[in-house]
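Biologist: I am new to this structure and would like to learn how to read it. Could we go through it feature by feature?

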Amino acid sequence: MLATGVAPVDRHLAAKRFITALLLGGAGALALMLMGYGIRPDLAQAALAPMLWVKLGFAFAVAVSALVLTARLARPGVQPGRAWIGVGLPWAAISLMGLVVLMGAQPEARLGLVLGRTWLSCALSISFIASPVFVGLLWALRGLAPTRLALAGACAGLLAAAVGTLVYALHCPEIEAPFLAVW
């Protein structure tokens, strides 16, 4: 009787849920950024600076790694494996870049390179902008079968923060490696 009326499970259900969560959450994040902050007026000129692309590449690499981790943790019995390396590598790279910049800077300029002009608002702004993505990812996880709930939620939070950082980069004027590594 237990097997009566069993329908096959959609093999792509997890991917569909994550895509839906990221698209809708990303759209919500973009709307929050546009309404609350706006796009930086010199974005076209800033796009010529290599560090803007490093900043975007860093956030994108963290997002992809966090997505892999979250997707793996959404399935029972699937271990994260070496996917953790993908999360650590972007941070190691940007931190190394930040250290090189700080070592080459004048001592009186180092604090400014770490704090930038927006250190008081950066993390809170990213958290605010990332909230629709996080809600969407929690919805996606709820429809799947994670067995390590806290870890899956933490990885979803990391993914949401990385997407929030990508969206917030359209507004944020900070591009120094020490700032990016710390904040």
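Modeller: We can start with aromatic rings. Rings of Phe, Tyr and Trp, with the six-membered ring taken for Trp, pair if their centres lie within 6.5 Å. With that rule, W119, F179 and W183 form one aromatic cluster. Keep in mind that this is a predicted model.

Biologist: How many aromatic pairs does a search of the whole structure find?

Modeller: The search finds 4 aromatic pairs. In one of them, the ring centres of Y37 and Y168 are 5.7 Å apart and the planes stand at 80°, so this pair is edge-to-face. Y37 and Y168 link distant parts of the chain, being 131 residues apart. Y37 sits in the loop between helix 1 (13–36) and helix 2 (43–46), while Y168 belongs to helix 7.

Biologist: How is a pair of aromatic rings described?

Modeller: By the distance of the centres and the angle of the planes. Planes over 60 degrees apart count as edge-to-face, and under 30 as stacked; the rest are tilted.

Biologist: Is Y168 buried or exposed?

Modeller: Buried means under 20% relative accessible area. Y168 has 4%, so Y168 is buried. F179 is buried at 2% relative accessibility, whereas W183 is partly exposed at 37%.

Biologist: Now the chain as a whole. How many helices and strands are there in the protein chain?

Modeller: The protein chain has 8 helices and 0 strands. Read from the N terminus, the elements run α-α-α-α-α-α-α-α. The C-alpha trace spans about 75 × 35 × 25 Å along its principal axes.

Biologist: What share of the residues counts as buried?

Modeller: Of the 183 residues, 36% count as buried. The accessible surface of the chain comes to about 10500 Å², and 73% of that surface belongs to carbon and sulfur atoms.

Biologist: Which residues line the second largest pocket?

Modeller: L22, F60, A63, V64, L67, L159, V163, L166 and V167 line the second largest pocket. This pocket holds about 160 Å³ of space. Helix 3 and helix 7 each supply at least two of its lining residues. By class, the lining has 9 nonpolar residues, no polar and no charged.

Biologist: Can we go back to single residues? Where does F58 lie?

Modeller: F58 lies in helix 3, and with a relative accessible area of 14% F58 is buried. Leaving out residues up to four places away in sequence, F58 touches P90, W91, I94 and L180. F58 and E108 are 50 residues apart along the chain, with their C-alpha atoms separated by 27 Å. M97 and E176 are 79 residues apart along the chain, with their C-alpha atoms separated by 9.3 Å.

Biologist: What is M97 in contact with, leaving aside its neighbours within four places in sequence?

Modeller: M97 is in contact with M51, V54 and A177. M97 lies in helix 4 (residues 83–104) and is partly exposed, with a relative accessible area of 32%.

Biologist: And where does T118 lie?

Modeller: T118 lies in the loop between helix 5 (107–115) and helix 6. At 15% relative accessibility, T118 counts as buried. Not counting residues up to four places away in sequence, T118 touches P173, E174 and F179. F179 also belongs to the aromatic cluster with W119 and W183.

Definitions and conventions: Residues are numbered from 1 along each chain as its sequence is written. This is a predicted model: local features need pLDDT of at least 70, side-chain atom pairs count only at pLDDT 80 or more; totals for chains, interfaces and linings use all residues. Side-chain values use heavy atoms; hydrogens and water are left out. On a 1 Å grid over the protein atoms alone, a cavity is a set of points where a 1.4 Å probe fits but cannot get out, and a pocket is an open set with protein on both sides within 12 Å along at least five of seven lines; lining residues have an atom within 4 Å of a point. Grid points are joined across faces, edges and corners, and a volume is the space filled by probe spheres set on the points. Helices (H or I, at least four residues) and strands (E, at least two) are DSSP runs, numbered from the N terminus. Ala, Val, Leu, Ile, Met, Phe, Trp, Tyr, Cys and Pro count as nonpolar, Asp, Glu, Lys and Arg as charged, and the others, Gly among them, as polar. Buried means under 20% relative accessible area, exposed over 50%, partly exposed in between (1.4 Å probe, protein chains only). Accessible areas come from the Shrake-Rupley method with a 1.4 Å probe; for residues, only the protein chains shown count as cover. Contact means heavy atoms within 4.5 Å.
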